[in-house]
Amino acid sequence: GDVAISLGTSGTAFALSATGLIKVDPTPEVDDRKGFAQDSVVEFATPNGAVQARLLNAEAGQAHAKASVADLVVDLSPVKGLNLGATKLTATAIESVCHEGKGSSSLAQAKLGDQVLDVSVPANTDIEVPGVASVVLNKQTTNDDGSLTVTAISISVTGVQTLDIAS
């Protein structure tokens, strides 16, 4: 999911979101328009089981936003129309944080297929899955209003599917 925060404007956070053949509204999603907000979901799975996670958390408050997910498994191979191989994304913990305009993310025991993903990577670290998808770790985007959006893991299958985790 995305964590967005800037000084003087509202902050938002969500743990998981997807658009495309698999649709997931931001879950859970919070904003700080009425002060500090926090929400959690104990377990989540798409009906086809392509995306599964536990302990989804989102919080937003004054100049601070954070989102996290535990025990994530993403397997897009059974999704008809994506034509993907058996590349699976797994992680025991994923977190993204924005605090006073600075962002970071961290991964614990994360793997994409056979590739082990680093705990902490520089902003906008690209990982190509040839012929399958593009994955950006610690995706950081400055928005038009000056706010910062941090997404721990952003997966894109061009024109067909996007999936944002801890944003």
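1. Let's start with T149, which sits in strand 13 (residues 148–157); strands here are DSSP runs of E with at least two residues, numbered from the N terminus. T149 is buried, with a relative accessible area of 13%, where buried means under 20% relative accessible area, exposed over 50% and partly exposed in between (1.4 Å probe, protein chains only). Its side chain makes a polar contact with the side chain of N143, at 2.8 Å. For a polar contact, a pair of N or O atoms must lie within 3.5 Å; within protein, one must be able to donate a hydrogen and the other to accept it, and residues adjacent in sequence count only if both atoms are side-chain atoms.

2. Keep in mind that this is a predicted model: local features need pLDDT of at least 70, side-chain atom pairs count only at pLDDT 80 or more, and totals for chains, interfaces and linings use all residues. Residues are numbered from 1 along each chain as its sequence is written, and side-chain values use heavy atoms, with hydrogens and water left out.

3. On confidence, the protein chain averages a pLDDT (the predictor's confidence in each residue, from 0 to 100) of 84, and 87% of the residues score at least 70. Over residues 1–9 the pLDDT is below 50, yet beyond near neighbours in sequence this stretch has 54 contacts in the model; a contact means heavy atoms within 4.5 Å. By strand, the lowest confidence is in strand 1 (residues 3–5), with a mean of 45, and the highest is in strand 4 (residues 37–45), at 94.

4. As for the overall build, the protein chain has 14 strands and zero helices, a helix being a DSSP run of H or I with at least four residues. Of its 167 residues, 47% count as buried. Among contacts between residues at least 6 apart in sequence, 45% join residues at least 24 apart.

5. Now look at E29 in strand 3 (residues 24–31). Why does E29 count as partly exposed? Because its relative accessibility is 48%. E29 touches A13 and F14, leaving aside residues up to four places away in sequence.

6. A93 stands opposite A108 in strand 8. The hairpin has two residues between the strands, and E100 takes a positive phi near 50° there.

Notes
Two strands pair if DSSP finds at least two bridges between them.
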